[in-house]
Amino acid sequence: MLRVGDQAPDFEGISGEGKPIRLRDFIGRKVVLCFYPKNGTMGCTSAACGIRDTWAGFEEAGIQVIGVSGDSVESHQKFSSKNDLPFSLVSDRSREILFTYGAWRRGMKRVSRKTPIAAERMTFLIDESGKIIKIYRRPIPGSHGKKILDFFAEFQKDLAQNTDL
């Protein structure tokens, strides 16, 4: 199980745009890695739109957002287009990223990597060096975007104060 302070494991997946996306490509930037069960469900749509609705704050803070689920690239394209999502969605059909981050549904047995289980709603906040600085387990979808921005603002403030000492 990953913890705050751990190096975020690198991964490679295919974005909804059909392009490879790797975590290592974002070293030097803050990253929000959101795992979610399924495109189009009420909670997942609410969480994605909550981030979309606070997108100006993410851009201003230089935060890259990546959503990950087991849905297909085509499903991600439809979901993103329908909801005007300004961030990348990664298709994890093999569930490899999901298993690496421990973001599978609690109470479901992990028989193998081919087990068609759903992602747990979890979010990892990753700093510019690739370290995990916060983990939200089962975040509340509607307010999640604002909570992430508030956390990063406080984190930056604390970092600046510690640097001034």
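## Disulfides and cysteines

Counting a disulfide as a pair of cysteine sulfur atoms within 2.5 Å, this predicted model contains zero disulfides.

## Confidence and conventions

The protein has a mean pLDDT (the predictor's confidence in each residue, from 0 to 100) of 88, and 90% of its residues reach 70 or more. Helices (H or I, at least four residues) and strands (E, at least two) are DSSP runs, numbered from the N terminus.

Local features need pLDDT of at least 70 and side-chain atom pairs count only at 80 or more, while totals for chains, interfaces and linings use all residues. Residues are numbered from 1 along each chain as its sequence is written, and side-chain values use heavy atoms, leaving out hydrogens and water.

## The nonpolar cores

A nonpolar core is a set of buried Ala, Val, Leu, Ile, Met, Phe, Trp, Tyr and Cys residues joined through side-chain atoms within 4.5 Å. The largest has 23 residues, and Leu 33, Phe 35, Ile 66, Tyr 101 and Phe 124 have the most contacts inside it. At least two residues of this core come from each of E3, strand E4 (63–69), helix H4 (96–101), strand E6 (122–126) and strand E7 (132–137). H4 gives the most, with four. Apart from this core lies another, of 20 residues, including Cys 34, Tyr 36, Tyr 136 and Leu 149.

How values were computed
Buried means under 20% relative accessible area, exposed over 50%, partly exposed in between (1.4 Å probe, protein chains only).
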